[in-house]
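Please look at the sequence and the structure shown below before reading on.

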Amino acid sequence: MRGRTSRREPSVARQILVLQVLVVVALVVSALGLAAYDARRNARTTATERAVAVAHTLADSPTLVAALGKADPSATIQPLAERVRHDSGVDFITVMNLHLIRYSHPDPSEIGKHFVGDVGDAPQGGTFTQEYAGTLGPSMRAVVPVRDTTGKVVALVSVGITIERIDRGLRGDVLLIGVAALAVLGVGLTGTWLVARRLRRATHGMGEQEITRMYEYYSAVLHAVREGLLLIDDRGRVQLVNDEARRLLGLPEDVLGRPVADLGLPPGLVTAALGRTSEADDIYVAGEHVLVVSSAPASWQGREVGAVVSLRDHTELRSVTGELDVVRGLTESLRSQNHEAANRLHTVVSLIEMGRPDEAVAFATEELQVAQHLTDRMVAQVGDPVVAALLLGKSAEAAERGIELTVSGDLPDLAETVPSRDLVTVLGNLVDNALDAVTAQPDRRVTVHLEGDAGSVRVVVGDSGPGLPPDQAAHVLERGWTAKASADDLGGRGVGLALVGQVARRHGGEVAIGVSQQGGAEFAVTLRPARVAAGREPS
């Protein structure tokens, strides 16, 4: 069985080319016909006007009027008429009496015979013109009266130019018109070919049905996928965006055609979108969403046409990762405490072996009291057990790293108004940044101050580190300023401050940056859950 081969439809460029060629040819041919017709009509009108002028000139000649009174008018009129005919370039001049008997004619044998044709109102003194086929063939002729000195019509003059002569003169005009038409046709076809060539490049040689199918299918796919997709042209303007990208980035309805730099997106994300290199799985914060962004240049046949940006929502994953960080911190705290407990146990055992049981009991009791005092104080200060556990873990981590961590103030259990997850995000990121900031300093101190009630929560974290330069302090909380982290650091701190700012905005608060009492950076986060609960927009 022979397989059927699918015949590809003609490309849009080819269809447009054929259509434009037909239109150009039809227009040029029509214009040529109209021009030839107009030239023919003008030529006959001009010939008629010339015949009238020659006839009037001869009719007004005194020689002609004088010859009419002679016994043989033809003897004088025939030479006169022939001389005028040769000088004026007409085909015949016939002078006749009122009975239409010829006194002159290009063919002398026709003299004395009856004039062939109409004379109209010429005998009454009018000027008569017509196209008529006489003895010399079809011609454009004019008949005018000849008046004597008293003004009485005494004869008639007929002057004619044959159609053959008119058409001979017309051939040159038609030839010029034809040359002009060919030039116009050539220019039109060349322009049509250039347009078709450009259109073929723009449509990549595809047919109209293929383009329609591609648009319908691609549009359906783009709006059906769960990832956000953003297509940007080579001039940084948005050309295509699907529903998920609109949701994640909060894009307006009129986003198409607008520069991506003017959409209020995080600066880092804009830089990645406009970059000329591929970026895979970078993390950015945009509004209330934590996004994993991949971007890659788009090219067609070796020519760069823009960039494709894909967006995945990792907000929930980041929240879970934050909780996992807390667990990891507690694990590290337990490991550290286990290490310290082992050291203390060895000390107690050694004292007993040395025969000093009283000193062993005193040492163990003192260490137990210190640990229990720290735990009791933290639980008393912080009503939320999750937050208390986080601070205990950070305290153990700070002690292990040789950093003095001080926690002051009181924070009741506000789980119903401020979720523990959000407090963990704020405290965890700020304390981690503070610990990192003082690690290389000779004076290693970090302070945490907590205060709040059901209407407002305030968290202040300061350190003795190098602080923030003024230019960084002005931009550190901009959306996405520090929002980039490596793909291997899904729990990293690249998005820490951006997430803190996100939590503050969500709870109607703000983040203030200043200088701590120790000379380093100080971050004061205020949350106002009561404002959000009352229906007011977060600031």
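Thr 162 touches Asp 91, Leu 136, Pro 138 and Ser 139, when residues up to four places away in sequence are not counted and a contact means heavy atoms within 4.5 Å. This residue lies in strand β4, residues 153-162, where helices (H or I, at least four residues) and strands (E, at least two) are DSSP runs numbered from the N terminus. Thr 162 counts as buried because its relative accessibility is 10%, and buried means under 20% relative accessible area, exposed over 50%, and partly exposed in between (1.4 Å probe, protein chains only).

Before going further, note that this is a predicted model, in which local features need pLDDT of at least 70 and side-chain atom pairs count only at pLDDT 80 or more, while totals for chains, interfaces and linings use all residues. Residues are numbered from 1 along each chain as its sequence is written, and side-chain values use heavy atoms, with hydrogens and water left out.

Side chains of opposite charge can pair when their charged atoms come close. With a salt bridge taken as a side-chain nitrogen of Lys or Arg within 4 Å of a carboxyl oxygen of Asp or Glu, the count comes to 10 salt bridges. One of them joins Arg 44 to Glu 131, with the closest N and O atoms 3.2 Å apart. This pair links distant parts of the chain, since Arg 44 is in helix α1 and Glu 131 is in strand β2 (residues 128-134), 87 residues apart. Arg 44, at 12% relative accessibility, counts as buried, whereas Glu 131, at 46%, counts as partly exposed. Another salt bridge is formed by Arg 237 with Asp 233, whose closest N and O atoms are 3.1 Å apart; here Arg 237 is partly exposed at 27% relative accessibility, and Asp 233 is buried at 13%.

On the surface, Arg 14, Arg 197, Arg 198, Arg 200, Arg 201 and Arg 303 gather in a patch of positive charge. Patches are made of residues with over 30% relative accessible area and no salt bridge, like charges being joined within 9 Å and nonpolar side chains (Val, Leu, Ile, Met, Phe, Trp, Tyr) within 5 Å. Helix α4 (residues 163-203) gives the most to this positive patch, with 4 residues. Arg 197 has its place in helix α4 and counts as partly exposed, at 39% relative accessibility. A nonpolar patch is formed by Leu 19, Val 23 and Leu 27, which together have about 290 Å² of accessible area, calculated by the Shrake-Rupley method with a 1.4 Å probe. Leu 19 is in helix α1, residues 12-59.

Definitions and conventions. Lys, Arg positive; Asp, Glu negative; His and termini not counted. Charge placed at Lys NZ, Arg CZ, Asp CG, Glu CD.
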